[in-house]
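Please keep the sequence and the structure in view while reading.

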Amino acid sequence: MHFAMRGYLFVVLTALLAVAGTWSDDPAFSGAWLFPASLLLAGLAVEAWYQHGTRLSVRMEVETRLRLGRPATAAYAFEHNRGRDLRVQYARVLPPVLRQSAEVHEIELPPDGELLDPVTLLPLRLGAGRFGDVPARLLGRFSLAWWTRNLPQDRVFGVAPDSLPGGARAIVGESAGETPRRLPGAGVELLQLREYVSGDALSRIDWKATARHGALISREYSEAQHLEILMVIDAGRASRVRAGELDRLGLYANVAARLAEHAVSVEDRVGLLVYAEHTLTACMPDRGIRAVTRLRRALESLDTERGESNPVAAAIQVRRMLRHRGLVVWLTDLAEPARNDQLLQALKALVPRHLPIVASPHAAEITRLTRLGAVGWQDPAVAIAAREHRRRAQEQVASMRQQGVVVLDEPDDALDRAVFDAYLRLRRRKRV
């Protein structure tokens with residue numbers, strides 16, 4: 001219980017009357033403080049009795065599955081049994097997988113009704129979450145005190161990797177008729193009829209069409225391009241580093257989930273390997289909705305490891321998982337030279353049989369700090385430190401590129417698009 005403003009006024013009035021009565025010569029005035037004190041105690045007793053009969057409940061209106069990094073709208077639903085307005089203050093205590101808020105909200109509940117107090121949630125980590133008890137306090141019947149309550153609730157939800165926006169195209173430049181992408185070649189499915197060209201095999205001439213058109217017509221067959229894609233995620237110590245609102249592991253999970261969702265739509269095979277000191281999760285390349293479901297379930301349970309990563313052991317596992325030439329999208333951090341040497345050894349074990357791409361984000365905030373103008377006395381030092389950090393990172397990227405490694409060095413908020421664009425270019429050029 002905590003006094004409200006009206007309760008403090010009674011306390012102050014009681015104290016003033018008590019002091020005045022002590023210094024007064026009038027014996028009747030010396031007991032004047034008893035009147036406000038009695039009113040206060042009687043009011044508190046009535047409020048305590050009234051609060052005892054007040055039934056207040058709360059539940060969280062939220063989807064059972066949230067998307068990592070995507071804001072979601074939810075609401076606290078309050079109900080009570082009194083026939084009058086009820087003023088409530090409560091703290092928004094959120095699970096660790098969500099962005100935290102220290103806000104204390106005050107609401108007024110309507111008589112015998114339900115009130116929805118909306119809140120925007122931002123999932124920052126993968127996995128399961130639970131909304132626990134809500135600490136709250138109710139204003140008394142006479143507004144003398146706030147009465148503490150602990151409102152029980154038990155709402156469970158999960159945070160999954162983000163998906164492609166509904167109705168949005170995954171990659172700019174893909175036409176609607178390329179599922180799967182068909183190219184002229186030596187396939188068995190008829191792609192189109194065209195005029196005969198010198199050098200076409202006689203077996204390709206369509207004699208019925210030739211008779212109809214009065215000129216030689218050749219059949220052109222399609223050759224569907226199906227790729228094997230393996231996404232390799234570094235879940236070691238460096239994946240704890242922030243990447244905008246998320247950590248890097250969350251960023252990697254979103255990139256992998258979105259790329260897989262698009263790849264299966266063009267009948268490519270997708271797989272997943274998550275590693276740290278050893279292999280944490282492995283999903284063999286597969287196609288269709290089954291592949292996406294397995295991959296997303298594996299990503300939902302991911303968490304960062306405290307130890308260093310072992311990319312060489314991961315490369316050995318990649319060779320076991322890919323039976324044919326495939327595209328390896330390696331999501332990792334290139335900030336530490338010692339780890340980059342191991343990564344380079346791992347990539348050399350994959351070429352030329354496979355085509356690896358290293359996708360490494362750098363903090364967009366650091367790039368912004370390199371251009372920071374001098375406003376405060378610390379700003380020049382901050383800008384110099386940011387430039388030095390960015391210079392070392394660019395040197396690491398340039399060193400790997402000199403070794404023939406395809407590296408995508410992009411800001412954390414642009415890594416998703418850079419990976420998609422690289423996948424599109426390689427697919428069009430039939431590099432894999």
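## A network of charged side chains

Arg59, Glu61, Glu79 and Glu114 are linked in a network of salt bridges. The model is a predicted one, and by the rule applied here the count of salt bridges comes to 27. As a general point, side chains of opposite charge can pair when their charged atoms come close.

## Individual salt bridges

The side chains of Arg87 and Glu106 meet in a salt bridge, at 3.6 Å from N to O.

Because Arg391 and Glu388 are three residues apart in helix H9 (residues 379–402), about one helical turn separates them. Arg391 is partly exposed, with a relative accessible area of 38%, and Glu388 is partly exposed as well, with a value of 31%. Is the pair formed by Arg339 and Asp333 buried or exposed? Arg339 and Asp333 are both buried, and in their salt bridge the closest N and O atoms lie 3.6 Å apart.

In soluble globular proteins, nonpolar side chains tend to be buried together. The largest nonpolar core in this model has 73 residues, and those with the most contacts inside it are Tyr76, Phe78, Leu121, Met231, Ile233, Leu272 and Leu299. Helix H4 (residues 248–265) contributes the largest share of this core, 11 residues. Apart from it lies another core, of 22 residues, which includes Tyr275, Ala315, Leu344 and Val405.

What does Ile233 touch, leaving aside residues up to four places away in sequence? With that exclusion, Ile233 touches Leu249, Tyr252, Ala253, Ala256, Leu272, Leu273, Val274, Tyr275, Leu299 and Leu331.

Met5, Tyr8 and Leu9 make a nonpolar surface patch of about 370 Å². Of these residues, Tyr8 lies in helix H1 (residues 5–23), and Tyr8 counts as partly exposed because its relative accessibility is 46%, which falls between the cut-offs of 20% for buried and 50% for exposed.

Technical notes. Residues are numbered from 1 along each chain as its sequence is written. This is a predicted model: local features need pLDDT of at least 70, side-chain atom pairs count only at pLDDT 80 or more; totals for chains, interfaces and linings use all residues. Side-chain values use heavy atoms; hydrogens and water are left out. A nonpolar core is a set of buried Ala, Val, Leu, Ile, Met, Phe, Trp, Tyr and Cys residues joined through side-chain atoms within 4.5 Å. Buried means under 20% relative accessible area, exposed over 50%, partly exposed in between (1.4 Å probe, protein chains only). Helices (H or I, at least four residues) and strands (E, at least two) are DSSP runs, numbered from the N terminus. Contact means heavy atoms within 4.5 Å. Patches are made of residues with over 30% relative accessible area and no salt bridge: like charges are joined within 9 Å, nonpolar side chains (Val, Leu, Ile, Met, Phe, Trp, Tyr) within 5 Å. Accessible areas come from the Shrake-Rupley method with a 1.4 Å probe; for residues, only the protein chains shown count as cover. A salt bridge is a side-chain nitrogen of Lys or Arg within 4 Å of a carboxyl oxygen of Asp or Glu.
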